[in-house]
Every structure is written in structure tokens, then in C-alpha cells.
Amino acid sequence: MDVSIIYINYNACDLLLSSIQSLFQHTKGLDFEIIIVDNASEESTEPIKRICNDQIHLLQASKNLGFGKANNLGLTIAKGRNILFLNPDTLLRNNAIKILSDTLDNNPKIGACGGNLFNKDLTATHSFSRIFPSILREADSSLFNLYTKIRYGQNAEFNHTGKNLEVAYICGADLMTRKEILDKVGFFDPDFFLYYEETELERRIKAAEYKIYSIPSAEIIHLEGTSFSLNEERERHIFHGRENFFNKIYSKSYKKLADGLNILFLTLAIFTFSLTGKREEKKKYQFRKSLYLKKNKR
């Protein structure tokens, strides 16, 4: 088996079926299987059950395991030499899976890779990061990515070069790695529920002296919303994922400094949004700041 494609479904049946349809439409010259892990969806999974066969498998979790644990469950039955973690809100534009698989097969030093991601209107969207989460990355994010724009130009999070590009980590929406690497460095850390788990995994892959690459010839549409409107549940998941990552990777003193500086960075961003009249952006950053302030009061 060349590739095992693992989807995590949580109340996204229609998106998942559309993604699978695009997968079969574009994937050629490859022996693959699809593993769907349903995270105890509240909606019916009957439409998914109807498409299951010897190539499409469904595992149903008894509760919502989160992203990492659910992928780990899928990995227990994966037969592929290479593993693709693919979001249900994705649509393939070309034979992206074979392109990524061939990249791993032909480049033993590359431990993980992903393609270029596009919005629904085919504009470029976040596909990777050039910097791991850190004080520098958080300062850059709160200051409108000024540092990465100066250093990396238009290639800060989307590969416009037309060439394979080494990056810090690939977005978890389309992350491919080798099964033997996962067996070596470990699966997703079960302490993460949602967000930062793929970042932590890719950091372990890099620590094992493999490289992470963006492969621009692999093209995938990512339908995730890009609105600045506030989603409090999502923001809380991001916050807790970030807490987990910093607690695991950095010292207590570094984490404490990062938290304090992040409050400062967020305050500066809020002030800027106030001056420019961007109310939704201001509201989102105020909520992010409140999460840090509440934590510090405990």
C-alpha cells in the first residue's frame, strides 16, 4: 500500500464526501486507502457508512477524541507506507497525493511535506510556517507578520517560488509523512486536543534530523473560514493548544516571559485596530488577551 489517507470527521459529513469525491477524481497511479475516524458526530454518519468498502474504512470513536488522538486511532489500522493527514474541508485540484508521496519516496531526508493551500476563490492561504511557535513568532503574528514579510516576502506562508521549499512546519490540513518515521518519533501527543498537535509532531520529526518541505506542485483547496469574526470556542482551543506546546517545549522562565510579552503584543495590536476602525479584529484580539489575563489571576 502506497498511502493511507486519514480523515477526522466531526459533524462535517457533506464536506468529507465532497473531499473524497475530489480525491478519487484526481488521484492516479497510486495504491491508497481511506480511513475515516468519526469523532462521535452528532449528525448521522449513514452517508459515510454507505460508501465504505475494502478501500474506505470507518472507525467510530465513542467520544470526541480531538484531532491528535483520533488520528492515532486511524494509524492503528493504516497499511500505507506513507500517511496523509487530510482535513475533510479540503478539495484536491490535481494529483496532489501522488506528488507528495513521490516526494517522500525520492527524498529520504524529507520527513514530512504538504502542498500549497488555496481559498475557495483560489487565492493563496496559510499552507505552512517558516518559524516554530516562539516569542518571535507571537510578536510577528500580533504585529501583522511584519518580520516574516520582510524576511520571506510573499513566501512567508504560501510557496510562490514554484520550487520545493524547506519550512518549519506544514499546516495540519494536508500533512504527509512516512509511517516508519511515526514509528520512530511517536504518533500525535495525546495531551493536545485541537491545534498545535501537528506542530509539536513536526518538531519531533525535525529533531530526528529530517526536513519539512512545502511542495507547491501539489495543490489543494482548504475551505476553512478566513473571517476575522470572533469564534470563542475556537480561540479557547488555540489558547490551550499553545499552552500545551510552550509548556512542553520551553523552560518555565521562557514560558513566563512569552506570556507577558504576548499580552503586550496583543495590547499593541488592539490599539492599532482601534485607530484603524477594525472592530471585528479588535474584538478577537481583546478576547485572546482576556484568556491570558484570566489565567494569570488564577
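**Exercise 1. Classify Lys255 and Glu243: buried or exposed?**

Solution. Both Lys255 and Glu243 are buried. Buried means under 20% relative accessible area, exposed over 50%, and partly exposed in between, with a 1.4 Å probe and protein chains only. Glu243 has 12% relative accessibility. The model is predicted: local features need pLDDT of at least 70, side-chain atom pairs count only at pLDDT 80 or more, and totals for chains, interfaces and linings use all residues. Residues are numbered from 1 along each chain as its sequence is written, and side-chain values use heavy atoms, with hydrogens and water left out.

**Exercise 2. Trace the salt bridges of Glu243. Which residues join the network?**

Solution. Start with the criterion: a side-chain nitrogen of Lys or Arg within 4 Å of a carboxyl oxygen of Asp or Glu. Lys255 and Glu243 meet it, at 2.9 Å from N to O. Lys255 lies in helix α10 and Glu243 in helix α9 (residues 232-249), so the pair ties together parts twelve residues apart in sequence. Helices here are DSSP runs (H or I, at least four residues), numbered from the N terminus. Next, Glu243 bridges to Arg242, with the closest N and O atoms 3.2 Å apart. Arg242 is buried, at 1% relative accessible area. Finally, salt bridges with shared partners join Glu138, Arg242, Glu243, Lys255 and Asp259 into one network. The structure holds 18 salt bridges.

**Exercise 3. Find the nonpolar patch on the surface. Which residues form it?**

Solution. Apply the patch rule: residues with over 30% relative accessible area and no salt bridge, with nonpolar side chains (Val, Leu, Ile, Met, Phe, Trp, Tyr) joined within 5 Å and like charges within 9 Å. The patch consists of Leu143, Phe144, Leu146, Ile150, Leu264 and Leu268. Together they have about 560 Å² of accessible area, by the Shrake-Rupley method with a 1.4 Å probe, where for residues only the protein chains shown count as cover. Now place the members. α6 (146-152) and α10 each supply at least two residues. Phe144 sits in the loop between α5 (135-142) and α6. Phe144 is partly exposed, at 34% relative accessible area.
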